[in-house]
Amino acid sequence: MLIQDESEYPGAIAYHSLTPEGLPLVKVSVANAQQSNVPWTTAASHDLMEMLANPRANLAVYDSEDGVKGRLYVREICDPVASIYYRIDGTVVSNFVYPAWFESFRARASAQFDHEGKLNAPFEVAPGSYVTSCQVTASSGWQQNFAPAGTADPPAKTTKAKKKAKR
Amino acid sequence: MLTVFLSSTSKDLVQTREAAFRAIEGLHGYHCVRMEDFGSWDEAPDDFCRAKVAESDLVICIVGPLYGSRTPAGPSYTEREFDAAITNKKPCLVFLTADDYPLAANLIEKDEDRKCQTAFREKTSNGRMITRFSTPDQVSVKVVQAIRNWEASRPSGNVPSQATLLASQIKSVSYRVAVLNQSTRVTDDEIKIAVAALQTQIHRDFAPVWGIDAELTIAAKGA
């Protein structure tokens, strides 16, 4: 995990990817975090946990709707709660979802879906957070879906995702 | 990653607790859970500590000269933790301070607490081999020895029970993560504080849920 001033991607606060040798890597830009008024420790926490849960940034979870249609969700465990933080000994760290969040068979409020207990159902996105998914029978490719701040799921705004989401 | 709960009083065993903590954390595949790292929670300390005991694989119980702070239920936190270990059938390794263990005069407890502590020391010794120590250095060695002996004596090595197999997925995967500070905006001291918090988050919050753990190490500049 590399803590640096600037990022090679303009505006990117942190991301995780692979080195040319295939080793998982997190890069955190302190300057971009400060410009966005985001504690750099939150970004480090976010991408560190995502790197551990998806070391090669190539895992996705399939949610079948009816056996024919379905959606793939990138296994990024902090994105759906990216707007929610908590503190450990004064240091601000990122919330993260639990495995139950990826399990569509679970009923609403039947399990803990994230560490801070803010989400109530699988694939729910916290206000101000986002998820990257792909409708497998559509040709739209991977999309980043945002839940606007102050509103509940489902997310409304959609943008094209980059190869790897950069916060 | 096996979780070891470190149970003891605090005031009379500060250095001993630190020595035991370092000894456990130094063992590959072990993580020490201790009250110093708990932080703030919206939960009664007694309930929280006993829940942590129930989640642990092993309990290290260090019993010193003091009975310590009492829970609202009456017994001390340490005694409640020991009782929780027994109730939850957790293996419990007990270390007692020797008679020559030093105690500052201002820490001496009232008679009632001293009686309770005598009874508690006897209770922890009943039906189990206990180890006595006189200094924090001795505790480091004795804790490591005891954990290794416990490890070797576990039934069928590390083969999980049928119940564990049915209820669990992969027990744990552990990575090593190097943290390099190349920023001019964050000092090395700030990095140390941040990495300590991230380590707590990974060990305490993330690993038990995802079965993935990591050891964070700050790499020297230029590495």
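Two strands count as paired once DSSP finds at least two bridges between them. In this predicted model, that applies to strand E3 (residues 58-63) and strand E4 (residues 92-97) of chain B, which run parallel and are joined by five bridges. Within this pair, Val63(B) sits opposite Leu96(B) of E4(B).

Zooming out, E3(B) and E4(B) belong to an open sheet of five strands in chain B, ordered E2-E1-E3-E4-E5, with parallel pairing. Strand E2 (30-33) and strand E5 (130-133) of chain B take the edge positions; each has a single partner strand, so one side of each has no neighbour in the sheet. Ignoring direction, neighbouring strands here are turned against each other by 25° on average. Packed on this sheet is helix H3 (residues 77-87) of chain B, which touches strand E1 (2-8) as well as E3 and E4 of chain B. The direction of H3(B) makes about 145° with that of E1(B).

Next come the helices. Two packed helices are described by the angle between their axes and the distance between the axes. For helix H1 (residues 14-25) and helix H5 (residues 136-153) of chain B, the axes come within 8 Å and cross at roughly 35°. The crossing of H1(B) and H5(B) is right-handed. On the H1(B) side, the contact is made by Gln15(B), Thr16(B), Ala19(B), Ala20(B), Arg22(B), Ala23(B) and Ile24(B). H5(B) answers with Pro136(B), Asp137(B), Val139(B), Ser140(B), Val143(B) and Val144(B). Sorted by class, the contact between H1(B) and H5(B) comes to eight nonpolar, three polar and two charged residues.

That leaves the interface between the chains. Here 24 residues of chain B are in contact with 23 residues of chain A. On the chain B side, the elements that supply two or more residues are strand E6 (173-181), helix H7 (188-210) and strand E7 (212-218). H7(B) gives the most, with eleven residues.

Strand E1 (residues 2-4) of chain A pairs with E6(B) in the parallel sense, over two bridges. In that pair, Leu2(A) stands opposite Leu180(B) of E6(B).

Key. Residues are numbered from 1 along each chain as its sequence is written. Chains are lettered from A and ligands numbered from 1 in the order in which they are written. This is a predicted model: local features need pLDDT of at least 70, side-chain atom pairs count only at pLDDT 80 or more; totals for chains, interfaces and linings use all residues. Two residues are in contact if their C-beta atoms, placed from the backbone, lie within 7 Å. Helices (H or I, at least four residues) and strands (E, at least two) are DSSP runs, numbered from the N terminus. Axes are lines fitted to C-alpha atoms, for helices over the stretch in contact, and angles run from 0 to 180 degrees between N-to-C directions. A crossing is left-handed if the near helix is turned anticlockwise from the far one by less than a right angle, and right-handed if clockwise. Ala, Val, Leu, Ile, Met, Phe, Trp, Tyr, Cys and Pro count as nonpolar, Asp, Glu, Lys and Arg as charged, and the others, Gly among them, as polar.
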